[in-house]
Amino acid sequence: MPEIVVYAVAGRTHEQKKMLMQKITEAVIDSFDVPRDRVVVQIVETDPNNKSRGGVLYSER
């Protein structure tokens, strides 16, 4: 059972996340030759106030 975890800053729409999960699922099916119902995709969202790059919070970018 392939399981893919995507870490992202919160703020994407439901439709954007759904599309991403569908496309990742298709890529795993094509690459690993596994049944669709065996592919697990999870998006772990981080509040932009809790993540920084180069010392600058994502919420301040």
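Start by selecting Glu 15, Lys 23, Asp 30 and Ser 31: these are exposed (over 50% relative accessible area, where under 20% is buried and anything in between partly exposed, with a 1.4 Å probe and protein chains only) and sit on one side of helix H1. Helices here are DSSP runs of H or I with at least four residues, strands are runs of E with at least two, and both are numbered from the N terminus.

Before you click on: this is a predicted model, in which local features need pLDDT of at least 70 and side-chain atom pairs count only at pLDDT 80 or more, while totals for chains, interfaces and linings use all residues. Residues are numbered from 1 along each chain as its sequence is written, and side-chain values use heavy atoms, with hydrogens and water left out.

Now pick Ile 24, Thr 25, Val 28 and Ile 29, which are the buried ones in H1. They share a side of H1 because they cover an arc of only 135° around the axis (taken from the directions from the helix axis to the C-beta atoms). What do the buried residues of H1 pack against? Show strand S1 (3–9) and strand S2 (40–46) and you have the partners; contact means heavy atoms within 4.5 Å.

Zoom out to the whole helix: H1 has 19 residues and spans 27 Å from first C-alpha to last, close to the 27 Å expected at 1.5 Å a residue (that is, 1.5 Å times one less than the number of residues).

Thr 25 lies in H1, residues 14–32, and counts as buried because its relative accessibility is 11%. Skip its neighbours within four places in sequence, and Thr 25 touches Arg 36, Val 39 and Val 41.

Next, Val 28, also buried, at 9%. With neighbours within four places left aside, Val 28 is in contact with Pro 2, Ile 4, Asp 33, Val 34 and Val 39.

**The core**

In soluble globular proteins, nonpolar side chains tend to be buried together. Centre on Val 6, ignore neighbours within four places, and its contacts are Leu 20, Ile 24, Gln 42, Ile 43 and Val 44.

**Off the end of H1**

Step on to Asp 33, in the loop between H1 and S2. Its phi is near 55°, positive in a residue other than glycine. Is Asp 33 buried or exposed? Exposed, with a relative accessible area of 69%.

**Last stop: Tyr 58**

The charged end of Lys 51 sits over the ring of Tyr 58, 5.9 Å from its centre, and Arg 61 lies over the face of Tyr 58 at 5.3 Å from the ring centre. The test wants NZ of Lys or CZ of Arg within 6 Å of the ring centre and within 35 degrees of the ring normal.
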